[in-house]
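Me: Please take me through how a helix and an interface can be read from a model.

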Number of protein chains: 2
Amino acid sequence: MTVSSLDLTVGSLTPRLLLGPGPSPVSPRVLRALAHPPLGHLDPQFLAVLDDVNERLRGVFGTTNDVTYAVSGTGSAGMQAALVNALEPGDTAIIGVNGYFGTRLVEMARRLGANVVQVEAEWGRIIEPERVIEAHGKHPGARVLALVQAETSTGAWQPLHEVGAHLRGSETLFVVDAVTALGGIPVEVDQVGADICYSATQKCIGTPPGLSPITYSPKAMRAIGQGRKTPVTSWYFDATVIGTYLGPERRYHHTVPINLFFALHEALREIDEEGLASRFERHGRMGALLREELGARGFTPFTETGRGLPQLTALRLPGDADEASLRSVLLNEHGIEVGGGLGPAKGKIWRVGLMGHGASEESVNRLVEAVDRMGMGRA
Amino acid sequence: MTVSSLDLTVGSLTPRLLLGPGPSPVSPRVLRALAHPPLGHLDPQFLAVLDDVNERLRGVFGTTNDVTYAVSGTGSAGMQAALVNALEPGDTAIIGVNGYFGTRLVEMARRLGANVVQVEAEWGRIIEPERVIEAHGKHPGARVLALVQAETSTGAWQPLHEVGAHLRGSETLFVVDAVTALGGIPVEVDQVGADICYSATQKCIGTPPGLSPITYSPKAMRAIGQGRKTPVTSWYFDATVIGTYLGPERRYHHTVPINLFFALHEALREIDEEGLASRFERHGRMGALLREELGARGFTPFTETGRGLPQLTALRLPGDADEASLRSVLLNEHGIEVGGGLGPAKGKIWRVGLMGHGASEESVNRLVEAVDRMGMGRA
């Protein structure tokens, strides 16, 4: 261990204003709940918190699905859980790919032995629903059709309703990635007809990372329970065995991250107090303000017109700016984190998140002020 | 949502003294670190915390293994990660089973398509090393041989050195479950010759649940990297891809549970300040005190003589006591949590954990006082 590491303490870390693609800022009351002394995972008091979290998650997801809970892992764990439960080797999976997270779905599905049919679109654009429906027409026996509602790598807002309506009554499970969507824009699982929908807590929900809210429709649970020829290869993520803990049996499955559930409970209370409609409106208003302010300074949208997410805006920088070094100045001198680009967007864009507790005028003002002080946009 | 759920807040939960099989009590300074406002997972400040956590984990594990980190999930996630990386369909896995967690290893390995050879012993007893070595003699090509060092369901302390010495130079990977061991008794990965060893943070490390420290030997990494015929089916747990984030490349893999890492960092600082030897001594002393005090009140050891873990003691209750209702009184009227039995030990035992911050005389005294007030042991 180096001498300097001995001096490193969490208390001495410089706080940042988190305006990147997540994690997002966490409110003081959620941080207080996080730091409540832990309870046991079988304590009746904790089980009441857990039940209440699941009930409130149903509200945010817009679903009556019985199997609605939070996976003990980050958003990627939710993606992994969705696919490992749904897919068996040899299954066909139709996956929309217009950014990094679509690509990851493909990678995960392939590792599980699925035959993947990709429906691609340029990064920053949505995938036209008719193209997805057309692909399903060619592969009607596909086990899974997966779309990313809020593509965190590009800021694109993928429409879901037409595809969902098309898949109703089919044997295909509609898998929706709502990692950056949930709590920021309407997800409406039941209305859309999503069969498995997963998210993360560190985006528009306003909890630190480490949990992945997920919901399975009765159709999905039938497909997993009786529809599989082989057991789910992952014991940890198996959606049927976790039910013995979540349900009235209360049988020990694994020790869930107690304190993260405390924080999630408090964040969901905040959401219910604000109301979903007001929360979506707030995210919409802040996103528009940001685009207006940075647009006036020469930033231009990376995302297809009219398809941008309010909670995550991807922007090209004015002039021939070196985004990485400017981003580093923004972080180190102004204490503000924004994200850079991934994959083909690397070096080309900033991704600015205004999510959850961070979706405020103060956030926009602080960013705009820093951009002005850095002399950006005056070229 | 019921009316009562609207009133449920984390702040109003009654605190408990956690003397069960985990989670264990968390110190105020670790809770403070937990509640530090989050940083981004690519922020240089956070990466310094992460590096320091990994370095300190090497110390606690007793290893120089480069690939040492904390999986973004609970202890069961560590078990899942170990097996999904090591095993391919058709591989042979020799697994020691003398309690619940051995049984779970078998279940996980089977789901991954392995042929499992079980070396069984009665619950509460250790598995004699010569029987394990004998099983390996019959299956020298086994890919994995797994033992649970601290069987949380029975309190048995499994010896590892003879088996480890036997496996050196073989192609078999020695997998060690140190979930309840790490930080409470010596694990000594390198000395033992363990190839994959995983743990959890909510036992003797003193952090809330949600992370699973793990370490892979160079032999294990070769077996995973070049030795596999098929890719690791789990993208989330793949030990080779996570390296792109942990290593100098710093490429985004997934958003790790930032605040749990803050807490783990502080807990590891506490461990380094106390010193491992003193910490083991403290756990040993408290375990002995507990056995003495409860022994004097008619509790009798469930675990084989001389094989009990200091940090987790499994005891039969005096007389024909109904353990579940007494345990409920202990929890609800005295605010103390202990664990009941699992599987064949259900209804027969209490499992008392004195782990991490909870391994103190005050814990023992409070428990003994409550037992006396409840009129137990005076029969």
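Me: What should the 20 residues of helix H12 of chain A span?

Reply: The expected span of a helix is 1.5 Å times one less than its number of residues, with helices taken as DSSP runs (H or I, at least four residues; strands are E, at least two) numbered from the N terminus. For H12(A), residues 276-295, that gives 28 Å, and the end C-alpha atoms are 28 Å apart, which agrees. This is a predicted model, in which local features need pLDDT of at least 70, side-chain atom pairs count only at pLDDT 80 or more, and totals for chains, interfaces and linings use all residues. Residues are numbered from 1 along each chain as its sequence is written, while chains are lettered from A and ligands numbered from 1 in the order in which they are written.

Me: Which residues of H12(A) are buried?

Reply: A residue is buried if 20 or more other C-beta atoms, placed from the backbone, lie within 10 Å of its own, exposed if 12 or fewer, and partly exposed in between. Arg279(A), His283(A), Met286(A), Gly287(A), Leu290(A) and Leu294(A) are buried. Seen down the axis of H12(A), they fall within an arc of 100° (taken from the directions from the axis to the C-beta atoms), so they line one face of the helix. On the other side, Ala277(A), Ser278(A) and Glu292(A) are exposed.

Me: How many residues of chain B are in contact with chain A?

Reply: Counting two residues as in contact if their C-beta atoms, placed from the backbone, lie within 7 Å, 62 residues of chain B meet 62 residues of chain A. H11(B) gives the most to that side of chain B, with six residues.
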